[in-house]
Structures are given as C-alpha cells and as structure tokens.
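Subject: Structure handover

Hi,

Here is the structure I promised you. Please open it first, then read my notes below.

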Amino acid sequence: MSQQAELEVGGKVYQLPVVVGTENEHAIDISKLRDESGLITLDDGYSNTGSCSSAIAFIDGEKGVLRYRGIPIEELAEKSTFIETAYLLIYGHLPTSQELRRFSELLTQNEMLHEDMKFHFEGFPPNAHPMAILSSMINAASCFHPRLMEGYQPRNFELQSARLISKVRTIAAFSYRKSRGLPIVYPKPVYKYTANFLHMMFSEPYQDYDLKPEVVRALDLIFLLHADHEQNCSTSTVRMIASSRANLFACAAGGVCALWGPLHGGANQAVIEMLEQIHREGDDGSKFIADAKDKKSGKRLMGFGHRVYKNYDPRAKIIKEQCDRILHLLRSDDPLLAIAKKLEEAAMHDEYFIERKLYPNVDFYSGIIMRAIGIPIEMFTVIFAIGRMPGWIANYKEIMDEPNSRIYRPRQVYVGPREQHYVAITQRDT
Ligand code: SDX
C-alpha cells in the first residue's frame with residue numbers, strides 16, 4: 001500500500017505521496033504541491049531535495065557506503081578497471097568480454113583529435129588553467145562532429161560517448177604538454193586507456209615514458225574511484241543542461257566548469273596547497289586546524305567534510321591505503337603524506353570535527369598519489385574530470401532515455417523590491 005504524507009497549512013490538509021527507493025529511502029513527492037496548494041518548498045543547497053530518481057550510483061552517507069549500479073566501490077576498486085567500470089555505469093551492467101572489447105576498440109579508434117584542434121591550443125596563454133582549456137576544448141571538439149548537434153539519438157550514443165571519454169584524455173594531455181612548451185605526444189593504439197594517457201603526458205618524441213604497471217594501476221584506480229557519485233554539484237549541472245536537450249559534449253563542458261570550484265573537484269588541488277602551506281610554515285597542523293575551526297579565518301580543512309558522507313568517505317579509505325603502497329614503490333618520501341595523516345588524526349579527535357561529522361573525503365589523499373606519479377597540481381582537477389566523465393555520461397543517458405523527462409526549472413522565493421516604476425535619468429540625479 002503506497003504511503004502518504006500529510007501537510008497541514010492554513011487549516012487545510014494536503015495529501016502527498018511518499019516514494020520509496022530501492023534502499024528504502026523515503027521521499028515526499030511534491031510534484032503536485034503548487035497546483036494543489038499554491039505552495040512551493042525552499043531548500044538552500046538542495047540538502048533535503050531529490051532532483052530525480054536515478055539507478056546509477058547509491059550512497060549511504062551515514063554508513064559510508066558507495067555502490068555503482070549496486071556493486072560496492074571496494075569490490076570494483078579491487079577487481080575492476082576504470083574502463084570496465086565506465087561501461088557498467090553507462091550501460092547498467094558489467095560488460096561481456098565481447099562488449100568490453102568493442103568498447104575498448106571504440107576508445108582506441110577515437111583517441112585522436114582533429115588536427116585543426118591544435119590551432120585552438122595555440123590560442124591559449126602558457127599559464128591558462130587546464131580546466132579552462134578542458135571545458136572549452138570539449139565544446140571545440142564537438143564542432144568537428146556535426147552529428148552531435150542533432151542531439152540525442154540512441155543509435156549514435158555509443159560512438160559519441162566513446163568519443164568523449166577517449167578525447168577528453170587526449171585534450172588533457174595535450175593541454176599539459178602545451179603549458180610546458182613541450183611537443184605534443186600522440187596516443188598509441190597499442191596502449192590501453194590509462195597507460196595511453198600517461199604516455200601522452202610524459203613520453204618524449206625520442207623515448208617512451210616508462211609505464212610502471214603499479215603507476216598505471218594507481219592512476220586507473222583514481223579514475224575509477226571518481227567515476228560517479230549520485231547528484232553531486234557537477235553531475236547535477238550535467239543533468240540540468242541535458243534536461244534542455246543540449247548535446248552530450250555541451251553537458252560535459254558544463255560539468256567541467258562546475259567541478260572546478262574549490263568546494264567540489266577543485267578541492268584536490270586546494271588540499272595540496274594547504275599541506276604545502278602547513279609544511280612551509282613549519283606548522284604541526286594545529287595552527288591550521290585552529291584557523292579551520294575559526295569562521296573568521298575564512299579557511300577550511302580542505303579535503304574534509306561532505307554534504308552526504310557523515311562518515312569516512314569509502315573512496316578516501318581506499319586512496320589512503322594506496323598512498324603508502326605507491327610512495328614506497330616510487331621511493332618517494334613525500335612529507336605532505338605525514339602532514340596529511342597528522343591532520344587527519346588531530347581532526348578525528350577534535351570535538352569541532354566530530355560533532356559536525358567531518359571526515360576525510362575523496363580529495364584529501366588523492367593529490368598525494370598524483371604528486372608521486374608526477375602529475376602537476378594544476379592538472380589534479382582535470383584528472384578528477386577524466387574520471388567523472390562516465391558518471392556524467394550515464395546521467396545524461398538516463399535523462400535522455402526517460403521519455404517524460406522535463407526541463408529542470410526550479411522555482412524561487414522572491415525577496416526583491418515590490419512593484420516600482422521607471423525614473424528618467426534626469427530625475428535620478430536630483
Ligand atoms: C567533492 O557532492 C559530492 O558527492 C562531491 C564529491 C563527488 O565525488 O562528486 O564527493 C567530491 O566535492 C568532495 C568535497 C570536496 N570539498 C572539500 O573538501 C572542501 C572542504 N569541505 C567543505 O567546504 C564542505 O565540507 C563541503 C563543501 C564539502 C560540504 O559543505 P556543506 O554540506 O554545505 O556543509 P556546510 O558548509 O554547511 O558545513 C557544515 C558545518 C559548518 O559549520 P557550522 O556553521 O555548523 O558551525 O561544518 C563546517 C561548516 O563551517 N565545515 C567545515 C568544513 N566543512 C564543513 N569546517 C572546517 N573545514 C571543513 N572542511
């Protein structure tokens with residue numbers, strides 16, 4: 001029997017249906033509220049508002065649980081690869097060997113950029129932030145594929161999504177090489193996805209980068225752990241743009257811009273900048289933590305806290321374990337790791353963080369691994385974007401496959417001036 005919620009306002013009682021999700025989440029469906037009552041709801045930051053029903057990712061923030069299409073992130077991290085997980089997110093099931101082979105072949109066939117794209121790269125100043133380059137070059141790339149402008153066609157989706165996943169990696173590597181004044185290194189079909197990215201980033205025309213399997217695996221895991229995460233800021237942005245029926249590349253370019261913010265994907269860069277500042281100042285972390293607790297300081301413990309996780313982010317746990325392994329392998333003794341661990345230890349025993357349920361999130365340790373691999377700090381959020389691409393694509397497809405999906409158009413509560421009238425400029429100067 002379906003459940004109902006009752007809302008009593010001004011002596012009138014409204015019956016609202018209650019929707020129950022797979023994991024027993026309960027939601028009050030308010031889609032008819034304004035028609036029936038003239039009322040809307042207000043929810044700063046959407047903390048209490050579900051924008052959609054989705055079957056892609058599931059998070060239990062209280063328990064620190066994350067599943068992609070029902071499979072726990074810990075199992076995928078241990079047994080899967082980024083590209084196999086990308087297929088799972090986009091198509092809703094783990095691929096057969098034939099499906100995975102076809103998907104990989106499509107990625108290989110679409111790894112190159114149109115040669116004229118090089119002129120766009122020439123147009124950026126050397127210090128252009130790679131996230132600015134990435135978002136603009138994704139849209140630029142779509143101009144070379146006119147069929148994209150036809151909007152969503154199921155028969156074209158497989159090729160378009162493979163194009164986006166493959167080319168975003170090439171764009172990122174090319175923008176890095178350009179920013180360093182290095183010659184562009186083209187992809188090699190013999191390399192798989194993540195290895196090819198490292199090849200394009202770090203090989204030289206005269207010799208290929210030494211692709212250590214553990215390093216490839218560590219970066220592939222970083223991509224996998226970032227692949228999707230329910231209706232986070234950037235994924236919600238992608239859905240917002242998709243709801244107007246814009247093309248896939250336009251949605252992804254918008255997602256990149258939303259991800260860039262330091263409160264979201266930009267946090268991985270901000271964490272390292274924070275750790276470097278603490279190291280530089282010889283602070284044992286206690287001064288920074290004191291500042292982070294003091295609202296007037298304007299500082300936050302970057303990489304800590306989460307809108308949904310009120311427990312340890314399961315991705316942070318996995319990445320933290322990888323840190324020790326990869327630094328040991330690369331014999332890289334990064335003092336920032338020790339500082340990060342001390343910060344975590346201090347915060348986890350500090351009443352301020354405990355009562356607010358602030359734990360390390362995915363960004364707290366990921367930068368340590370990227371540094372050890374040699375990825376420059378300004379590329380950290382680009383790495384996040386490459387990883388998140390399958391999640392954005394899966395959410396785009398979910399909206400497009402929903403025949404009755406409507407354009408996203410939230411309401412507001414108006415708090416501006418009451419009606420007033422135009423005043424000629426001659427009257428205004430008196
Ligand atoms: C990502 O949504 C997703 O799923 C995102 C993501 C994904 O995979 O897509 O998981 C990736 O974006 C991870 C988050 C990366 N951002 C950071 O690490 C930046 C630092 N963290 C915060 O700014 C904050 O925790 C947010 C942005 C992550 C969450 O912000 P909320 O949910 O709006 O929480 P809030 O700002 O309302 O904070 C609640 C309280 C406040 O104190 P009080 O007003 O109650 O006294 O906690 C405090 C905040 O001041 N607080 C922090 C803090 N985070 C929250 N205080 C110090 N340091 C922090 N990091």
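Start with one term: a residue is buried if its relative accessible area is under 20%, exposed if over 50% and partly exposed in between, with a 1.4 Å probe and protein chains only. Helices are DSSP runs of H or I with at least four residues, numbered from the N terminus.

The model is predicted, so local features need pLDDT of at least 70, side-chain atom pairs count only at pLDDT 80 or more, and totals for chains, interfaces and linings use all residues. Residues are numbered from 1 along each chain as its sequence is written, and side-chain values use heavy atoms, leaving out hydrogens and water.

**Helix 8**
Look at residues 193-202. Here 10 of the 10 residues are buried, so helix 8 is largely enclosed by the rest of the structure. Its cover includes helix 3 (82-91), helix 7 (154-179) and helix 18. Contact means heavy atoms within 4.5 Å.

**The core**
A nonpolar core joins buried Ala, Val, Leu, Ile, Met, Phe, Trp, Tyr and Cys residues through side-chain atoms within 4.5 Å. The largest one has 119 residues, and I138, M274 and L275 have the most contacts inside it. Helix 18 (residues 380-400) gives the most to this core: 13 residues. L275 touches L336, I339, A340, L343 and I368, leaving aside residues up to four places away in sequence.

**Helices 14 and 15**
Helix 14 (residues 314-329) passes helix 15 in a left-handed crossing, where the near helix is turned anticlockwise from the far one by less than a right angle. K320, C323, D324 and L327 of helix 14 meet L337, K341 and E344 of helix 15.

Best wishes

Technical notes:
Helices (H or I, at least four residues) and strands (E, at least two) are DSSP runs, numbered from the N terminus.
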